[in-house]
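Welcome! Take a moment with the sequence and the 3D view below, and then we will walk through them together.

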Amino acid sequence: MKKELFDLKEKSVHECDEHIAYYKKKAKKHKRWSLLLSKSSIILTVIGILTPLFDNIPIDFFEHDSFIYWGYASLGIAGGFQLYDRVIGNTNSWIRFIKTEIELKKLKQLLLKEWQRLSIQIDFDNISKQDTESFFVLLINFNKEVSKIVQEETKSWADTYLKGLNVLNEKITSLKSQFEEDITTYESQIQKDRKEIEAEKEKAKNEFGFLKVEIKNPLDFDSVEVELLSDEMKPITEKQLLQYGSQDAIFPKLALGTYILIVSGISKNKHIHKKVFIKITNGKISLQSVTLPKHTTDKP
């Protein structure tokens, strides 16, 4: 009976040691990832905060217009690392594994101390049925506690995993809502811009420009005749006759658009035409200078 009891004890302790080794190994792995993500997030956050301070430094590399946006990128990556750690649960798992390992070690030490106490009080060569039952109860309770600790850790892992998924779903939902809001805002802005463009077009239809024509070299002629036509060669206004010494022809309140200006130099036996295309935009004053050539031809 003594051999069977010690075999059961060694088997129970061995199974507990396997659990301890497993959680120790997992804790080490998650510790490495947790520290890496945390340190990277801290460094990137500091870079993101300090980037605007370097934007005005008189160094060619820092004079680039988009340099400040690297700060925003650093903050975004840092946030991504934190979200990844929260969803995957590296830090939580690291702490949970360490806690489970410590609890199993503590439970193992209690078993060994209680076993030693009972061994001192009992003679294994003449062990009674009641004493044997005490050892069995001790081992059974030990195994139950080990199973309970492992189950609680597994349940905690599942809760952490589901919580991480919920966090990820919340972030995705939030980003989706923000994206839809941005799309709505963008579409509203497009509609607003279109309305403004249509309003500008409508306004342009009702706007008027002012045309002032300066005629050069009019002294070679007795008079100068100025006529304004549309781009379809239709008269817009009556002809203006400029007498000797007059150099300007004025056409007020013209709708915006393209016109054809015909300037004719007239003398006793001479008559010459010059055609000029002009465009009036934005309701501004348009000053058109026309130089009549000195070469003349006989009037037919």
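How many salt bridges does a search of the whole structure find? The search finds six, where a salt bridge is a side-chain nitrogen of Lys or Arg within 4 Å of a carboxyl oxygen of Asp or Glu. Please keep in mind that this is a predicted model, in which local features need pLDDT of at least 70, side-chain atom pairs count only at pLDDT 80 or more, and totals for chains, interfaces and linings use all residues. Residues are numbered from 1 along each chain as its sequence is written, and side-chain values use heavy atoms, with hydrogens and water left out.

**The chain as a whole**

- The chain holds four helices and seven strands; both are DSSP runs numbered from the N terminus, helices being H or I with at least four residues and strands being E with at least two.
- Reading from the N terminus, the order of the elements is α-α-α-α-β-β-β-β-β-β-β.
- Of the 300 residues in the chain, 29% count as buried; here buried means under 20% relative accessible area, exposed means over 50%, and partly exposed is in between, using a 1.4 Å probe and protein chains only.
- Among the contacts (heavy atoms within 4.5 Å) with a separation of 6 or more, 70% are between residues 24 or more positions apart.

**Helix 1**

- Helix 1 has 53 residues, which should span 78 Å at 1.5 Å a residue, and this agrees with the 77 Å between its end C-alpha atoms; the expected span is 1.5 Å times one less than the number of residues.
- At G48, helix 1 bends by about 25 degrees, and the proline P52 follows within four residues; the bend is the angle between axes fitted to the seven residues ending at a residue and the seven starting there.

**Salt bridges**

- Side chains of opposite charge can pair when their charged atoms come close.
- D17 and K108 form a salt bridge, with their closest N and O atoms 2.7 Å apart.
- This pair links distant parts of the chain, since D17 is in helix 1 (residues 2-54) and K108 is in helix 3 (residues 90-121), 91 residues apart.
- D17 counts as partly exposed because its relative accessibility is 29%, whereas K108, at 18%, counts as buried.
- E153 and R96 also meet in a salt bridge, at 2.8 Å from N to O.
- E153 lies in helix 4 (residues 129-206) and R96 in helix 3, so this pair ties together parts that are 57 residues apart in sequence.
- E153 and R96 are both buried.
- K155 and D159 form another salt bridge, at 3.3 Å from N to O, and both lie in helix 4, four residues apart, or about one turn of the helix.
- K155 counts as exposed because its relative accessibility is 55%, while D159, at 38%, counts as partly exposed.

**Aromatic rings**

- The whole structure has four aromatic pairs; rings of Phe, Tyr and Trp (its six-membered ring) pair if their centres lie within 6.5 Å, and planes under 30 degrees apart count as stacked, over 60 as edge-to-face and the rest as tilted.
- One of them is the tilted pair of Y23 and F97, with 5.8 Å from centre to centre and 40 degrees between the planes.
- Y23 lies in helix 1 and F97 in helix 3, so the pair ties together parts that are 74 residues apart in sequence.
- Y23 and F97 are both buried.
- F6, W115 and F135 make up one aromatic cluster.
- R96 lies over the face of F97, 5.1 Å from the ring centre; a charge sits over a ring if NZ of Lys or CZ of Arg is within 6 Å of the ring centre and within 35 degrees of the ring normal.
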